[in-house]
Amino acid sequence: MENDLKVWRAKRDVTQGELAAEVDVSRQTINAIERGRYDPSLELAFELAAYFDCRIEDLFDYQAENE
């Protein structure tokens, strides 16, 4: 799953650690999401979207494997 989390963080000038603290995960989790190595739970995706005041679809772009 592709994501624009790093872009949204840059817009807000927030570090991975600061964002992680806000959504109650580790900095390593935020790093793994940004690198595409970890897909967040639905709950975490909602929390991230709420933090950035945007839709989940603004942060994450899901493409089925057969598309």
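## Packing of α2 against α3

Helices α2 and α3 pack at an angle of about 110 degrees, and their axes lie 8 Å apart. That angle makes α2 roughly perpendicular to α3, since values from 65 to 115 degrees are placed in that class. The model is a predicted one, and the values in this report are to be read with that in mind. Two packed helices are described by the angle between their axes together with the distance between those axes.

On the α2 side, the residues that take part in this contact are Gln 16, Gly 17, Leu 19, Ala 20 and Val 23, and they meet Arg 27, Ile 30, Asn 31 and Glu 34 of α3.

Helix α2 spans residues 16-23, and within it Gln 16, Leu 19, Ala 20 and Val 23 are buried. Viewed down the axis of α2, these buried residues fall within an arc of 100 degrees, so they line one face of the helix. An α-helix has 3.6 residues a turn, so residues three or four places apart point the same way. Ala 21 and Glu 22, by contrast, are exposed on the other side of α2.

Which helices are included in what covers the buried residues of α2? The cover includes α1 (5-12), α3 (27-34) and α4 (42-52).

## Two aspartates with positive phi

Helix α2 is followed by Asp 24, which is found in the loop between α2 and α3. The phi of Asp 24 is near 60 degrees, a positive value in a residue other than glycine. With a relative accessible area of 71%, Asp 24 is exposed, because the exposed class begins over 50%.

Asp 53, found in the loop between α4 and α5 (56-59), likewise has a positive phi, of about 55 degrees, although it is not a glycine. Asp 53 is exposed, and its relative accessible area is 69%.

## Aromatic rings and the charges over them

The structure holds 2 aromatic pairs. Tyr 51 and Phe 52 form an edge-to-face pair, with 4.9 Å from centre to centre and 85 degrees between the planes. Ring pairs link Trp 8, Tyr 51 and Phe 52 into a cluster.

Lys 11 lies over the face of Trp 8, at 4.3 Å from the ring centre, and Arg 12 lies over the face of Tyr 51, at 5.2 Å from the ring centre.

## Ala 50 and Val 23

Ala 50 is found in helix α4, and at 59% relative accessibility Ala 50 counts as exposed. Val 23, on the other hand, is one of the buried residues of α2. The C-alpha atoms of Ala 50 and Val 23 are separated by 9.6 Å, while the two residues stand 27 residues apart along the chain.

Key:
Residues numbered from 1 in each chain as written. Predicted model: local features only at pLDDT ≥ 70, side-chain atom pairs only at ≥ 80, totals over all residues. Heavy atoms only, no water. Buried < 20%, exposed > 50% of the residue type's maximum accessible area, 1.4 Å probe, protein only. Helix = DSSP H or I, 4+ residues; strand = E, 2+ residues; numbered from the N terminus. Arc of directions from axis to C-beta. Contact = heavy atoms within 4.5 Å. Phe/Tyr/Trp six-rings, centres within 6.5 Å; stacked < 30°, edge-to-face > 60°. Lys NZ or Arg CZ within 6 Å of the ring centre and 35° of its normal. Axes fitted to C-alpha atoms, helices over the stretch in contact; angles between N-to-C directions. Parallel < 35°, antiparallel > 145°, perpendicular 65-115°, else oblique.
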